[in-house]
Amino acid sequence: MGAPGARLWAVQRITAAFLGLAVVVHLVTIMLAVRGGLSATEILERTRGATLWFGFYAAFALCAGLHGAIGLRNIAGEWLGWRGRRMDGLWLAIGLLTAAFGIRAAWGLYHG
């Protein structure tokens, strides 16, 4: 696992595993909240100040940003020939920016 390609492969698989579990948790939570008759306002009141949910959604956003960026990097390399350190840096920046948007949204729910 010394080569950068092998590390990216491992990161993408680890983030995929987390995302699979996180999507299930997210959907089950939505179904339980809706079945329980909670309104959007009540849901937002419950998420405000919930550190565990903020941590969960921040990790969700980080994994989604990294996973997507690695996948797009691989597609761009195979289809367009866009490879190299500059392109890797660009994809990393895109992944972190995407994650930052998601974490900001989670912060908005947490901080209210």
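Modeller: A nonpolar core is a set of buried Ala, Val, Leu, Ile, Met, Phe, Trp, Tyr and Cys residues joined through side-chain atoms within 4.5 Å. Buried means under 20% relative accessible area, exposed means over 50%, and partly exposed is in between (1.4 Å probe, protein chains only). What you're looking at is a predicted model, where local features need pLDDT of at least 70, side-chain atom pairs count only at pLDDT 80 or more, and totals for chains, interfaces and linings use all residues. Residues are numbered from 1 along each chain as its sequence is written, and side-chain values use heavy atoms, with hydrogens and water left out.

Colleague: Okay, so which residues make up the largest nonpolar core?

Modeller: Five of them: L19, A22, F56, F60 and C63. The elements giving two or more residues to this core are α1 and α3, and α3 gives the most, with three. Those names are for helices, which are DSSP runs of H or I with at least four residues; strands are E runs of at least two, and numbering starts from the N terminus.

Colleague: What is F56 in contact with, leaving aside its neighbours within four places in sequence?

Modeller: F18, A22 and V25. Contact here means heavy atoms within 4.5 Å.

Colleague: Why is α1 called oblique to α3?

Modeller: Helix α1 (residues 4-35) and helix α3 (residues 51-80) pack at an angle of about 135 degrees, with their axes 8 Å apart. That angle makes α1 oblique to α3: under 35 degrees counts as roughly parallel, over 145 as roughly antiparallel, 65 to 115 as roughly perpendicular, and the rest as oblique. The axes are lines fitted to C-alpha atoms, for helices over the stretch in contact, and angles run from 0 to 180 degrees between N-to-C directions.

Colleague: Is that crossing left-handed or right-handed?

Modeller: α1 passes α3 in a left-handed crossing. That's the name when the near helix is turned anticlockwise from the far one by less than a right angle; clockwise would be right-handed.

Colleague: What kinds of residues meet there?

Modeller: On the α1 side they include L8, Q12 and T15, and on the α3 side W53, H67 and G71 are among them. By class, the contact of α1 with α3 has 16 nonpolar residues, seven polar and one charged. For the classes, Ala, Val, Leu, Ile, Met, Phe, Trp, Tyr, Cys and Pro count as nonpolar, Asp, Glu, Lys and Arg as charged, and the others, Gly among them, as polar.

Colleague: How do you know that Q12 is buried?

Modeller: Its relative accessible area is 11%, so Q12 counts as buried. Q12 lies in α1, and beyond its neighbours within four places in sequence it is in contact with H67, I70, G71 and N74.

Colleague: And what makes T15 buried?

Modeller: T15, also a residue of α1, has 5% relative accessibility, and so it gets the label. With neighbours within four places in sequence set aside, T15 is in contact with C63 and H67.

Colleague: Why does G71 count as buried?

Modeller: Its relative accessible area is 18%, so the label holds. G71 is placed in α3, and its C-alpha atom is 9.6 Å from that of W9, 62 residues away along the chain.

Colleague: What makes R48 partly exposed?

Modeller: R48 comes in at 44% relative accessibility, so it's partly exposed. It sits in the loop between α2 (40-47) and α3 and touches L109, Y110, H111 and G112, not counting residues up to four places away in sequence.

Colleague: Why is G37 called exposed?

Modeller: At 53% relative accessibility, G37 counts as exposed. G37 is in the loop between α1 and α2, and its C-alpha atom is 41 Å from that of W91.

Colleague: Last one: how do the directions of α3 and α4 compare?

Modeller: The axes of α3 and helix α4 (residues 85-111) come within 8 Å and cross at roughly 155 degrees. The two helices are therefore roughly antiparallel to each other. α3 passes α4 in a right-handed crossing, and their contact has 17 nonpolar, five polar and two charged residues.
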